[in-house]
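Hi,

Here is the structure I said I would pass on. Have a look at it first, and then read my notes below.

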Amino acid sequence: MTDTRRRVKVYTLNEDRQWDDRGTGHVSSGYVERLKGMSLLVRAESDGSLLLESKINPNTAYQKQQDTLIVWSEAENYDLALSFQEKAGCDEIWEKICQVQGKDPSVDITQELVDESEEERFDDMSSPGLELPPCELSRLEEVAELVASSLPSPLRREKLALAVENEGYIKKLLELFHVCEDLENREGLHHLYEIIKGIFLLNRTALFEVMFSEECIMDVIGCLEFDPALPQPRRHREFLTKTAKFKEVIPISDPELKQKIHQTYRVQYIQDMVLPTPSVFEENMLSTLHSFIFFNKVEIVGMLQDDEKFLTDLFAQLTDEATDDDKRHELVNFLKEFCAFSQTLQPQNRDAFFKTLSNMGILPALEVILGMEDVQVRSAATDIFSYLVEYNPSMVREFVMQESQQNDDDILLINLIIEHMICDTDPELGGAVQLMGLLRTLVDPENMLATANKTEKTEFLSFFYKHCMHVLSAPLLANTTEEKPSKDDFQTSQLLALILELLTFCVEHHTYHIKNYIINKDILRRVLVLMGSQHAFLALCALRFMRKIIGLKDEFYNRYIMRNFLFEPVVKAFLNNGSRYNLMNSAIIEMFEYIRVEDVKSLTAHIIENYWKALEDVDYVQTFKGLKLRYEQQRERQDNPKLDSMRSILRNHRYRRDARTLEDEEEMWFNTDEDDLEDGEAVVPPSDKMKSEEDLMDPISKFMERKKLKDSEDKEVLGKSNLSGRQSPSFKLSFSSTTKSSLTSPAPSSHHPGSPGSPGSPGSAGSPGSPSSGAKNSPPTAAITTKGGLVGLVDYPDDDDEEEDDTEDKEESPPLSKKSKVCS
C-alpha cells in the first residue's frame, strides 16, 4: 500500500497571486548531484514524472503553516508550497529541512533574516522601511505589484505596513479612488481593489483603525466593490446606506457608543460579505481583523452596562403592558443580541454583566414575556433564558423559590417553561428539546451549591417536587389512564419521550424525592402503559425508565414493582415482539440478565413464580433458565441453611459484588482453579485433611455418571433443542463477558473451538451432552471441596461457569435433591 504520509500537492504562486495546483505526488529528500546538495523531490503518483526538484538552501526562509503546509520562495517572484495529506509526513520533511539549516524543528519559520535579494531591495534591517512609489494614478499598477510581492514574506509585510502607516498612504489611496470612480477608470479601480485587499492582509491594528474610521470606512468598502474577477461591481455601499437601517429601540445618548455600534456592524459586514473568502494560506493573516471585532463588542457591552438609564428604560418598557407588540419584539431581540455579545467577555466581566442584568430585573421581565402570545417574542425570551441558565443556574433557582412564596403555581417561571415545552407547536418539538435541556440543568444536583447553613439541593428539589412536578407529569398521566395510550400520534409520543427522559434523569440523580413521587403516584405503572405504543422509541423510553429504577437495587422500588405486578407489561411486550431480533428484544433480555447477574433475589423469585410459564420456552439465551436456577438455589438455601453458612465461609476471600471488578474476578476464577483448590483445603479441619484423594474423587465420579445419564434423558425429552442452540430465528447476540450468556444460531458453528458455547471457550460451559462437558467442569467442582463431601456444588452468585452446567437440569431434577445425594 502506498505511504500516504508523504503524499503531497505541489502549488506555485502565479502572477495574479493565486495558487496553482501543479499535481499530486510523493515527496522525498535526498542528495542531488546536479544541485550539489540535499533536495526535496516530488514524483507524480500517476506516472512517476518529476514534479519538483528543489535544493534545500541554507538561507531560504521555509514556513510551516497549519501542521500540513510548507511554504517558501525560490526566487524573487516564485513561491512554492507543499500541502501534505497527513501531519506526520509534513513533520518528517520539516525535520529534514531544519536539519540542513541547523534549526530546531519546533520553529515554524526557519529564517528570520531575509535573503540576499531582499537585502539588496530593502538595504539594511535597521533602515526605517521601504520607499513607496508616489501615490499617483499612473503608479497604481506599481503599488499593486509591490503590495502583492511583499505579502509572502513576514519581514516584507512588516516593512510595507510601517511605510503605509507612516506616510498616511491609505488616505492618499482613497483620494485616488474618488478620482478613478469619477473618471470611471476601471483599470485603476481594479488596482485599488488589489491594494486595499493586500493592506487587509498586512494584519495590522494601526492600519485598521485608519481604514475603519468614520471618514474612511465607506470608501474602503467602495474600493472592495471593484473585484477584477467580477464582470460588474458589487453594490455594498448602497446596501449599507439604503437597505440596512439602524434601529434605536431605546435612544442612545452617548455618541461614542453609537459610533462604535455603527463601526462594528460595518466591519463585521466587511469580514462576512465584502472580503473574499481567504485561501488556506491567507486565513491566518486576518486574525487581527477578528480581534478588532471582538474587542469592539466587548467595549459595546461595557458601555451599555455602565449606562444605567438605558438599561432601566429597557426593562421598564419590556414589562410595561402599554408597550405595543412590534416595539416589544424589537426590545426582546435587542436584549437577546446584547446577551449574545456578552459571550465574548472574559469570565470576570461576564459575572459583572449578568449580575447587572439580574439587579435590573431580567428574570421578572422574562416571566412577563414568556406569558405573551407572540411566538417570536417567546422564542427570543427562551434564548435569553438559556444564556442565564447556562451561566448561573443557582441564580435562576433562587429567584424561582422566592417567587413561589408570593405567587400561585400556575404563574411560576419554571412552570411557564414546562408549559411552553408541553405546548410546543413545532412538529419536531425543536423548542421543547431546548427547554427540556434547560430544565435538566436546573434540576441537576451536580451544579447545586451547598454551604454550612443552607443546602440548595434539598431546598430546590423539595420546591420542585411540590410545585412543579405535577405540571411536568400531567401529559403522561393524562395519556395513560387506560391499558393503552389514549393518544399515540407522533408529536404526542415525542413529547412523552422527552418527559420520560427527564424523569429517568431524576431517578438517577434524585433520591427520596423521586422515589416518593413514583410510589405515591404509581408513576411506573402509568409509564409502562406506553410499552403498548406503536412508536418503538416511546416504548423503549418507558423500558429505560424501569431499567433505571431496577438498576438502583432499592428494595422499596422492588416491593412496589412486585406488589403491582409491573413486570407483566414488559413480559407481554416481549412475547408480542415474538422472534424479531430488534432493540426491544435485546433491551428486555438485558434487563432480566441484569437481575440474574446482580442476583436481585426478591425480583428473581417474583419473576419465576409469576412469569416462568410464559418464559420457559425461550432457549436462544440462557437468561431465563439462569433466573430459574438462581431461584432454585435460593429455595435450596432456605431449606438447608447449613449449606448457606458453609458457602459464606468458602466465599470469604473472593466475594466481590462491585460490577466493575466482576469481569476480572471471573477471569481469575477460570484461570486459578488450582489456587482455589488450595484455598478450599485451607479451611478443612485437620481430621478431614487425612481423607484420601480417592475418597474425595469417588462422589465426583458418581455424580458425573448420574449427570451423563440425566443428559441422555433430557435429550430424549427435549428433542433437538439444547442450551447452545435455538430453532428460530437464526441470529446471534452476545452479551458482555460478565453475563456468560449468548444468543447463537443452531448451526454447527456453535461447536467450533472458541465460539460461544463451545467446549474450548474459556468464558462458557461446554455444550450439554458433549463429551468434554464433564471434564471441563470438574476442576471447579473439585476446587470447592470441604468437609462432608462436595458441598461446593451449590453455585455462588458470581460463579457463572458452574451455573451454566447446572441449567440443563432445571426442571426434571431440582438441584437440591441431586446435590444432597452427592453430599451424603
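Predicted model: local features only at pLDDT ≥ 70, side-chain atom pairs only at ≥ 80, totals over all residues.

Now back up into α1 itself, which covers residues 87–101. Which residues of α1 are buried? They are Gly89, Cys90, Ile93, Trp94, Ile97, Cys98 and Gln101. Those residues take up an arc of only 165° around the axis, which means they sit on the same side of α1.

Next, the strands. β1 (residues 7–13) and β2 (residues 19–32) run antiparallel and are joined by 7 bridges. Along that pairing, Val10 is opposite Gly23 in β2. On to β3 (residues 37–44): 8 bridges link β2 to β3, again antiparallel, and His26 faces Arg43 in β3. β2 and β3 make a hairpin with 4 residues between them, and Lys36 in that turn has a positive phi of about 55°.

One last stop: find His420, which lies in helix α18 (residues 413–422). Is His420 buried or exposed? Its relative accessibility is 18%, and buried means under 20%, so His420 counts as buried. Leaving aside residues up to four places away in sequence, His420 touches Leu370, Arg378 and Leu435.

Cheers

Terms used: Residues numbered from 1 in each chain as written. Heavy atoms only, no water. Helix = DSSP H or I, 4+ residues; strand = E, 2+ residues; numbered from the N terminus. Expected span 1.5 Å × (residues − 1). Buried < 20%, exposed > 50% of the residue type's maximum accessible area, 1.4 Å probe, protein only. Arc of directions from axis to C-beta. Pairing = 2+ DSSP bridges. Contact = heavy atoms within 4.5 Å.
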